Structures are given as C-alpha cells and as structure tokens.
Amino acid sequence: MVTALTWALLLIGALLTPGPALAQRAEDSAAPLPPKLDVEAALAALETEQIYRAPGAVAYLDEELIRAELTDDMRVLVAPFTGPYGAEGHYANSEEYRAQVFRPLRDWAEDRGLVLIRVEGLLASSNKGVSAVASDLDGLRRHLGQYDVTSSVWTLVQHAKGSDTDAEPPHPMPEWVDPTPQQTAELVERLRRDRVYNAPGREDPFQGSLDLIRESTGFTLRVVAFPPVEPGEPMVDYAPALAEHFPDDVILVAYGDWLEIAGPHPVALSSARNYAYGRYQQGPYRAGMVLDDRIGTVLSRADELLTQHPFGRPQPKTVEQLITELAPWLLGGSALVLGGVPLAREFGRRIRSARTEREAFRYAKARAFAAIAELGEELLAHRDDPAPYVAAAAERHAAASALFEQATTSAAMREVHDIADKGSRSLRKRTQHPTGPGTRT
C-alpha cells in the first residue's frame, strides 16, 4: 500500500492529462481555486499540535484512531488541494510549489527530528520519502468517493514506526448498497429530462459537451455527479440500475472524485476507468481532479480499446485444429491416425508449455512494473540530490523502463525486475549509510 515500497501499482508523478477534446470546460466556468496553504501558520501549529487541519482541507481523517497510533516524534498535516499549476494557480510550476511548500515542511521536520505526514488534498505522503494509496478498488472508492484518507495515513504511521504495513487498519469499508426503487425512479426521471444531473453540493460539476463526446467516440452519455459521500454513510451503486433504463448509453456516476461506470461494452468501460485511476494518481490527488477531464480520459481509453483492438489476435487453435492443418495425411486411414497419437501428445505438451509461459510472463511483467515504479518514487524523493549514486540509480530506472517495453518473455521481464530492484536496493543502502558529500538521509 506504500507506493515507494513494494506496494507501487501506479505510475509516478503523473500530471492530470485530459482526454483529447472530449471534455472541454469553458474558461468562464472553471472551478474556483482552493485556499492556499499558509505554511508558516501550519508549522506554528505543528509545534504544539500532533494533528493540524489547515483551513480549506477536504480530506476526512479518523483522528481518534490515528492519535492512538502516533508517537511523540510524529506530526500530521491535513492541507487543502494545491490547485493546478500555472499562471492562474497558486504556484506557477512544480518547482515553485517545492520551494514554497515542500522544502519548508521537509526542512522543518528534519531540523526537529520529526516524521511529518502530509495530506495535501487527497495525497498522503511523509518526509520518509513514501506515499500511500489504496491497494484495491474498494479502498480507492472509499478514498476518493468519501475523501477518507484514514487508511493511507495509518499505513504511513506504521511505516514510520517500522510496523507491519500489510496489515489492514481497524477502519471499516463503506457499505456498498443497491438503490431503492424510489431512488432509482427519481434519478431516471431526472435523466430523461436532462442527460446530466449535478447534485446539490457538487463543487466540480460536469460541464463537458455531450455532442462533442458523441462525435469523437460514438458514446452517448448520461451523467450523475454527487458530492463526496459522508464517511460512515453507505454508498449507493446507482450505475447498474440506471443502465437497465438506458441500455444504449454509457452511465457515469461520480461520488466526489470516484467514478462508477456502466453500459454497453462493460469490460472495456471498466478497464478504461481503472486505467485512468492507475495512470493519473499523484497529480490529481494533490492538485484536485477535474471531473470533465477524468471522464474525457476514461472515454478516450474506452474508444481506443474498442476501435484499435489491442487484444484482437486470433484465438489459439485447439490440438485437433493443429493436427488437421499441419498433418492432413493423418486423416487417410485408421493406422495413420493411431500413428499420429504421439504427435498429438507433443502438440498438447507444447500448448501447455506456451500457456505456462504466458502466465509466467504476466506475473513477471507485473513484478517488473512494480519495481520500476518503486525505484521511480524513490528517485523523486532524491530529485535534488546530486550524488553520483542517485544518478546511477536514475540510469538503472531508464534502462529498466526501456527494456520493459521490449521484453517479450518471462525471463526477460525477470531481468528487467532485477535491474530496477538493484537500483532501489542500492539507493536505499547508500541513503541509510552515506559515504560522502552530496548524500542525505
């Protein structure tokens, strides 16, 4: 669950990238910026408080649970979203954010020998160089749909204490329930009148162009956007029920920053939704997600899956098909058919071997991806460090990333994993036992 360790499942440092021309927002209707974190006020409060919630913070934290786990050398800061970088934002770019926020917080904690856990928007991280994210879809639904970061903060606390971070915190998952007939009927009536329903309290309403989406992808939409569900309250699974009433449309139901999806081609739609949350994590968590952009990303990906057929290779042939095509003379008489039994067995053995290799390749690919992401997270924590061993680790990351794209066998993927893993182990070892100038712990 801690991304800088073996729990890395998502790509690093991603900035929110909208789907091309699918969900354009009018400039005059852009969401207002969140409050800017007053760093000096936050540090002054943290001198005496273990948990400080800055004005404008949106994340929910079970403070009673977390306080019971904190040690005297730990502090927790819950800050608002940073907002997007740029001329209209609080920070012109990531370097300005690091100069005004990241470095002052880090230096303050290091000068006092403290572990500082930061919740910026919905991104939980610490000055130990790690971030924490949900490890499955249920956890991600709670994190983004209820703005509940308790589990991530709990994991960072356990990591700082050297405890078991694989253990689940004593924090219940939200109940996921079906809508009542009346709830469904009310939403169906709204969506018959208007294809988009932005519920009261939704601060980031959907304002994308349905016509443009239909022209670009062929999808017709019906969208419901709710504010985040209150922690402890059940989450109502509206999408399947609405899909029954609108079978030709893609149904999108947002709860806070979480998106449920249903409709035609359910496998492609779910895969595209999961891709979007896996592809774009840290940037939107910290800056704040724009619903129009997230929907654009999901639909662009779904359209790509359905039109480019990335998995459209022919199905593997059966043993009988192979024998028929490769040895038609076996069909000439019973004696020859009997003589072909060993050949059939050999073909069967080869097919089983190929299937085993495919499974091994998928497993090795997942491990290699996680190792590359882990090394990338650790390099982010050392991006200002000019030490040669950091540069060497960065070269390993580049080499592993390039080989990852080229590897076609499980053995090659294991080599990719070893390259990235050696880079991570070397970086951690040198960080823990610095040997010269330019290193830091």
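Start with β10 and β11. Five bridges join these two strands, and they run antiparallel. This is a predicted model, so please keep that in mind throughout. Now the turn. The hairpin of β10 and β11 has two residues between the strands, and Gly256 takes a positive phi near 60°.

How well covered is β11? Mostly covered: five of its five residues, 258–262, are buried. In general, side chains in a regular strand alternate between the two faces of the sheet. In β11, Trp258, Glu260 and Ala262 lie on one side, Leu259 and Ile261 on the other, and all are buried. So much for β11.

On to the core. The largest nonpolar core has 72 residues. Which residues have the most contacts inside that core? They are Val153, Leu221, Leu242, Val253 and Ile295. Strand β10, residues 250–255, gives the most to this core, with six residues. As general background, nonpolar side chains tend to be buried together in soluble globular proteins.

Stay with Val253. Set aside its neighbours within four places in sequence, and look at what is left. Val253 is in contact with Val224, Phe226, Tyr238, Ala239 and Leu242, and also with Trp258, Leu259 and Glu260. There is also a second, separate core, of 19 residues. Its members include Val39, Leu77, Leu105 and Ala109.

Next, a helix pair. The crossing of α6 past α8 is right-handed. Who meets whom? From α6 come Gln183, Thr184, Leu187, Val188, Leu191 and Arg192. From α8 come Tyr238, Ala241, Leu242 and His245.

Last stop, the five-stranded sheet. This sheet is open, its order is β1-β2-β3-β4-β5, and the pairing is mixed. At the edges sit β1 (51–53) and β5 (131–132), each pairing on one side only. Helix α1, residues 39–46, packs on this sheet. The helix touches β1, β2 (74–79) and β3 (115–120), and its direction makes about 145° with that of β2.

Two hairpins here. First, β3 and β4: antiparallel, over four bridges. Glu120 stands opposite Leu123 in β4. Two residues lie between these strands, and Gly121 in the turn has a positive phi of about 70°.

Then β4, residues 123–126, and β5: antiparallel again, over two bridges. Ser125 has Ser131 in β5 as its bridge partner, and Ala124 stands opposite Ala132. This hairpin has four residues between the strands, with Gly129 in the turn at a positive phi of about 85°.

Conventions
Residues are numbered from 1 along each chain as its sequence is written. This is a predicted model: local features need pLDDT of at least 70, side-chain atom pairs count only at pLDDT 80 or more; totals for chains, interfaces and linings use all residues. Side-chain values use heavy atoms; hydrogens and water are left out. A nonpolar core is a set of buried Ala, Val, Leu, Ile, Met, Phe, Trp, Tyr and Cys residues joined through side-chain atoms within 4.5 Å. Buried means under 20% relative accessible area, exposed over 50%, partly exposed in between (1.4 Å probe, protein chains only). Contact means heavy atoms within 4.5 Å. Two strands pair if DSSP finds at least two bridges between them. A crossing is left-handed if the near helix is turned anticlockwise from the far one by less than a right angle, and right-handed if clockwise. Axes are lines fitted to C-alpha atoms, for helices over the stretch in contact, and angles run from 0 to 180 degrees between N-to-C directions.
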